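Dear colleague,

Please find below the structure that I am handing over to you. My findings are set out after it.

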Amino acid sequence: MDDPIIRIDGVQKSFGSFTALNDIRFDIQRGEFFSLLGASGCGKTTLLRILAGIEQPTHGQLMIDGKPMAGVPANRRPTNMVFQSYAIFPHLTVRENIGYGLVYQNLTKAEARARTDEAIELVKLTGLDDRSAHQLSGGQRQRVALARALVCRPKVLLLDEPLSALDKKLREEMQQELRSLQRTVGITFVFVTHDQEEALTLSDRIAVMSGGRVLQIDTPEGLYERPNCLEVAEFVGTMNLFPATVQRMDGGQVIADGGALGTLVGRSPDRPVAPGEAILIAVRPEKIELSASGTTGPNRVAGRVASLSYLGDRSHFLVAVDGLAAPVAVYRSNSERATAAAGTEVWLSWSETDALVLHR
Amino acid sequence: MSSASARTGLSLLSPAFLVMAATLLAPVVALIVMSFWTQSGFEIDRTFTLANYARLVEPGEGTVWYGIRFPLAYPVPAVLMVKSLAMSLVATICVIGVAWPMAYFLAFRVTRYKAMWMILLTIPFWTSYLLRVFSWKIVLGFNGAINSGLQWLGLIKEPLEFLLYNPLAVMITLAHSWIAFSVLPIYVSLEKIDRTLLEAASDLGDSRWKRFRRITLPLSMPGTIAATLLVFIPTVGDYVTPTLVGGPGGTMIGSLVQQLFLRQDNAPLGAAISIVMMLIIAALVGLFLWLIGYRRIRRRIG
């Protein structure tokens with residue numbers, strides 16, 4: 001397993017006095033669908049452009065397919081990119097666009113033609129060969145950009161927010177297609193997005209980035225269930241946070257004093273905590289039970305339903321709790337038929353295995 | 001388009017239409033009408049005749065100019081026409097050759113103070129066209145800057161006589177006069193090129209030179225074509241520059257038209273030559289645009 005397609009080793013990038021990337025180091029495995037997730041300005045696109053060779057790192061090393069990439073320009077790297085704006089050449093037809101990079105592949109005319117045909121079919125653009133860029137819809141442009149990059153058979157395909165310009169329905173369709181396309185061609189995809197739902201749907205692994213650093217690299221499930229810091233917890237999905245002070249550790253559990261919230265028990269984090277330390281107990285909204293009456297005990301909090309939204313398959317409750325600034329979000333499936341009207345007093349409870357301990 | 005917005009559009013265009021009608025259409029119509037008349041002395045004979053046109057194509061002994069035979073009874077206009085087109089073509093090629101790199105530099109290399117560079121570019125054009133032509137007379141003249149400079153350096157003893165009063169001087173002066181005008185359209189079409197297109201081309205395997213040939217050059221075509229026409233069309237008919245720096249050898253068709261109107265008292269023949277010249281230029285421009293597939297370029301790049 002130690003033959004990664006991409007090895008990023010201490011990459012740093014500065015623009016003047018601004019540090020866009022700070023000591024990035026991780027590997028991407030062969031055939032992986034890998035996402036770089038973060039808010040705009042977190043450095044994810046800069047990292048992608050460094051992989052493509054459009055930007056050069058200020059410090060650090062980059063290996064692609066076992067070869068160091070220092071001094072290798074974009075046109076001689078085994079990578080191809082799908083640009084956010086698609087960058088379709090306006091003076092060329094769909095076919096000419098898709099075949100653009102094939103002149104460097106030492107193919108005969110017939111082979112190049114066959115490869116282009118294959119790519120056009122792969123992205124379902126059959127019959128649009130002679131259209132020019134301005135005659136295409138957003139989704140079609142995206143397919144041209146995808147085919148143009150894939151036809152060169154890169155070792156790594158880089159995608160810079162390729163779906164962000166599409167409307168919601170088309171975007172969801174393209175997500176499915178992209179995922180199945182990646183399985184068909186078996187090429188490593190590095191996908192940049194700011195949309196956490198998109199990243200969770202598509203990726204094998206995700207690197208969450210912020211302020212030029214990588215916060216956590218994990219599977220979608222790992223990121224959602226076991227965020228390693230407050231930033232990841234808040235960026236991926238919704239998280240309820242209860243401030244508390246550590247009292248003691250008991251086996252795999254942290255027992256903490258939540259003040260007015262009573263005793264809160266959570267799962268021990270990877271980084272140890274010490275008694276007296278201020279922490280946050282973090283619980284996902286769908287892990288919280290809602291009941292009209294309850295007994296006292298750990299992980300039990302009383303509150304009042306401030307508002308509820310009916311979403312068809314599920315309902316979202318916002319529960320005001322004394323001693324907490326923000327209301328607690330609770331998602332309940334509507335198959336339970338257990339509902340609480342706005343203004344009613346309720347009890348919130350959750351299992352200690354669903355409660356994470358995060359550093360403040 | 002709705003009729004209301006059509007009306008708005010037309011009323012917005014109407015001042016331009018009126019000016020065009022008064023300053024372009026009316027003189028051209030007058031010129032066409034006049035070309036069917038005849039003149040003797042100061043008298044204009046207004047009976048319709050095709051004699052002026054017939055005279056331009058009447059066969060005769062003719063003359064030979066640079067190896068080309070002109071078997072015409074009155075070959076001067078035809079020779080000057082071909083000569084003017086050739087000189088304009090050379091001047092246009094020089095202009096594009098100099099303006100293109102300038103525009104490229106402005107669009108791709110200058111990142112700050114673009115406005116300042118533009119102003120610097122136009123500084124020579126704050127003086128009048130006539131003064132600029134005259135200054136070339138001083139540069140190229142018998143006792144001019146080049147000759148006295150070379151003499152001072154001891155490279156030549158006698159002043160060079162081939163600098164001024166010949167077609168070369170006319171072409172140099174024309175090229176210089178039009179460079180700044182042609183930088184702008186080329187610059188605009190280069191500036192408009194989305195830089196990610198260039199990144200995409202590199203990503204797909206293009207070296208810098210290949211990328212230039214496959215992306216930058218074709219996408220600059222609308223501006224380059226505009227600049228070419230902007231220089232070529234007016235320079236063919238120019239008569240000020242040939243008069244001032246051309247000498248007898250540097251005469252162009254415009255000089256002949258001017259002579260016919262003002263000195264030789266044959267305005268109808270001058271009018272006929274002007275009309276023929278206009279038609280030939282229009283035909284050449286049409287042919288040029290058709291050859292390079294202008295409609296396709298415009299449809300794609302816009």
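Predicted model: local features only at pLDDT ≥ 70, side-chain atom pairs only at ≥ 80, totals over all residues.

Chain A

The domain assignment divides chain A into domain 1, residues 6-232, and domain 2, residues 238-359. Taken over C-alpha atoms, the centres of domain 1 and domain 2 of chain A are separated by 39 Å.

I looked at helix α4 of chain A in some detail. This helix covers residues 138-150, 13 residues in number. From its first C-alpha to its last, helix α4 of chain A reaches 18 Å, close to the 18 Å expected at 1.5 Å a residue. Is α4(A) enclosed or open? Of its 13 residues, 10 are buried, so α4(A) is largely enclosed by the rest of the structure. The buried residues are Arg141(A), Gln142(A), Arg143(A), Val144(A), Ala145(A), Leu146(A), Ala147(A), Arg148(A), Ala149(A) and Leu150(A). Their cover includes the strands β6 (79-82) and β7 (156-160) of chain A, together with the helices α2 (94-98), α3 (109-122) and α5 (168-185) of chain A.

The loop between α4 and β7 of chain A holds Pro154(A). Ala149(A) is itself one of the buried residues of α4(A). Between Pro154(A) and Phe191(A), which are 37 residues apart in sequence, the C-alpha to C-alpha distance is 14 Å.

Chain B

Chain B contains 14 helices and four strands. Along the principal axes, its C-alpha atoms fill a box of roughly 75 × 70 × 35 Å. Chain B has 302 residues, of which 31% are buried. Of the contacts in chain B between residues at least 6 apart in sequence, 66% join residues at least 24 apart.

One helix pair deserves a description of its own. The axes of helix α3 (residues 76-109) and helix α10 (residues 221-236) of chain B come within 9 Å and cross at roughly 145°. This crossing of α3(B) and α10(B) is right-handed. On the α3(B) side, the residues that meet α10(B) include Leu85(B), Leu89(B), Val95(B), Ile96(B) and Trp100(B). Among their counterparts in α10(B) are Ala227(B), Val231(B) and Phe232(B). The residues of this contact of α3(B) with α10(B) comprise 11 nonpolar, six polar and no charged.

Helix α3 of chain B also carries Tyr104(B). With 17 other C-beta atoms within 10 Å, Tyr104(B) is partly exposed. The C-alpha atoms of Tyr104(B) and Val183(B) are 9.0 Å from each other, although the two residues are 79 residues apart along the chain.

Contact of the chains

How many residues of chain B are in contact with chain A? There are 16, and they are in contact with 18 residues of chain A. On the side of chain B that touches chain A, the elements that give two or more residues are α8 (195-203), α9 (208-219) and α14 (294-301) of chain B. The largest share, six residues, comes from α8(B). By type, the residues of this side of chain B divide into seven nonpolar, four polar and five charged.

With kind regards

Note on methods:
Residues numbered from 1 in each chain as written. Chains lettered and ligands numbered in written order. Expected span 1.5 Å × (residues − 1). Buried ≥ 20, exposed ≤ 12 C-beta atoms within 10 Å, placed from the backbone. Contact = placed C-beta atoms within 7 Å. Domains from an automatic or database assignment. Axes fitted to C-alpha atoms, helices over the stretch in contact; angles between N-to-C directions. Left-handed = near helix turned anticlockwise from the far one by under 90°. Nonpolar A, V, L, I, M, F, W, Y, C, P; charged D, E, K, R; others polar.
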